[in-house]
Amino acid sequence: MTQSRLRVVWGTIGCLATTSVAAQEDARLAVRVDSARHEVILTVGPFELSSMKGHEGHRDMPEFSARFPWPVTAMARGFSFALHDSTGKKVPQRVLHHLNLINTTRRQLLLPLQEKVMAIGRETKNIMLPGTVGLPLEAGTRMKVTIMWHNQTPVDFSGVMLTLHIRYTPDNLVPRPVTVLPISMDLADRPGAENSFPVPVGLFTISREFMMPVTGRLLAATGHMHDWATGLRLEDAASRKTLVSITPILDSTGGISDMPLRLFGVRGDGLKLHAGRRYRLVATYDNRSGATMDGMAMLGGIFSPSDLRDWPDRESEDIAYLDHPVPAPAADTTHAH
Ligand SMILES: [Cu+2]
């Protein structure tokens, strides 16, 4: 594995950032509403992204973070995003490790961490839900955007701007869209810790079980994994039946070039998950890098709870993972992934 130095110089402050930059109301974030097109548009940048070939641990990847109030009461449907350099030329998505849009006022289903409204990785496609479903967000909701850069191309990019278009359905639409919320099932995530794990050389399988806290339908799912990942699946723990299976497409150097998106009838029944039932997440790697790597395995999806009132309160410290039955002490929830 190439241990090339990561060098990212922030456009406006010009310092070498290797840790989280918790900048509030950062000047590099602009938020506007296009009410004719029903879009909230986030523009972030500029960033100077030097080439950094090879994969390194997360602690070496610089992060950008900024907070903003959500501008409109609406049901978010999906997003599209693009990266351009200072000359207006398109920049490949491979410079992005991830971008998270976080709702700091609602917790996740399985962990007492803040809701990730969207999590975009280098392999994520633009996603748009039909207008019949949406994620409810009120005007003024305290949001946060975090970006982690990892320029894996051989090219340096200057003045990189990221534009994120978030499509919404207006609040007054009749009939009202079905409520969906993001769901994140993660092999390692827990409050106050990195959600990564060591992946030894060769074939490697790791699994984790959780007890579903609410009943609902999984409408769509995709994954986030690291180099040399070979698969991610969700099983019914009792019957061992595979419910979701995702196989990443790797390039010749083990990098993930495509992570399939699984749809379970976004307009139809979806894949039903039951409160009180055990599910198992299983990740497989075939690490041919020659050294132990930093792995991740997250199954992210869109989930429609049968009753939103069953969703754990923001104050709840409950953890659905069965390796972690005791609620953890209050921890920093400004998590990288
Ligand atoms: Cu990762």
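Q: Which residue in strand 12 is the bridge partner of I41?
A: H165 is the bridge partner of I41 there. Strands here are DSSP runs of E, at least two residues long, numbered from the N terminus. This is a predicted model, where local features need pLDDT of at least 70, side-chain atom pairs count only at pLDDT 80 or more, and totals for chains, interfaces and linings use all residues. Residues are numbered from 1 along each chain as its sequence is written.

Q: How many bridges join strand 4 to strand 12, and how do they run?
A: 8 bridges join them, and they run antiparallel. Two strands count as paired if DSSP finds at least two bridges between them.

Q: What about strand 3 and strand 4, what do they form?
A: A hairpin, with 4 residues between the two strands. H38 sits in the turn and has a positive phi of about 55°.

Q: New topic: which residues have the most contacts inside the largest nonpolar core?
A: A76, V95, V145, I147, V160 and L299, in a core of 75 residues. Such a core is a set of buried Ala, Val, Leu, Ile, Met, Phe, Trp, Tyr and Cys residues joined through C-beta atoms within 7 Å; buried means 20 or more other C-beta atoms within 10 Å of a residue's own, placed from the backbone.

Q: Which strand gives the largest share of this core?
A: Strand 12 (residues 157-170), with 6 residues.

Q: And why does the core lie between the domains?
A: Because domain 1 (8-170) and domain 2 (179-310) both give residues to this core. The domain bounds come from an automatic or database assignment.

Conventions
A residue is buried if 20 or more other C-beta atoms lie within 10 Å of its own, exposed if 12 or fewer, and partly exposed in between; C-beta atoms are placed from the backbone.
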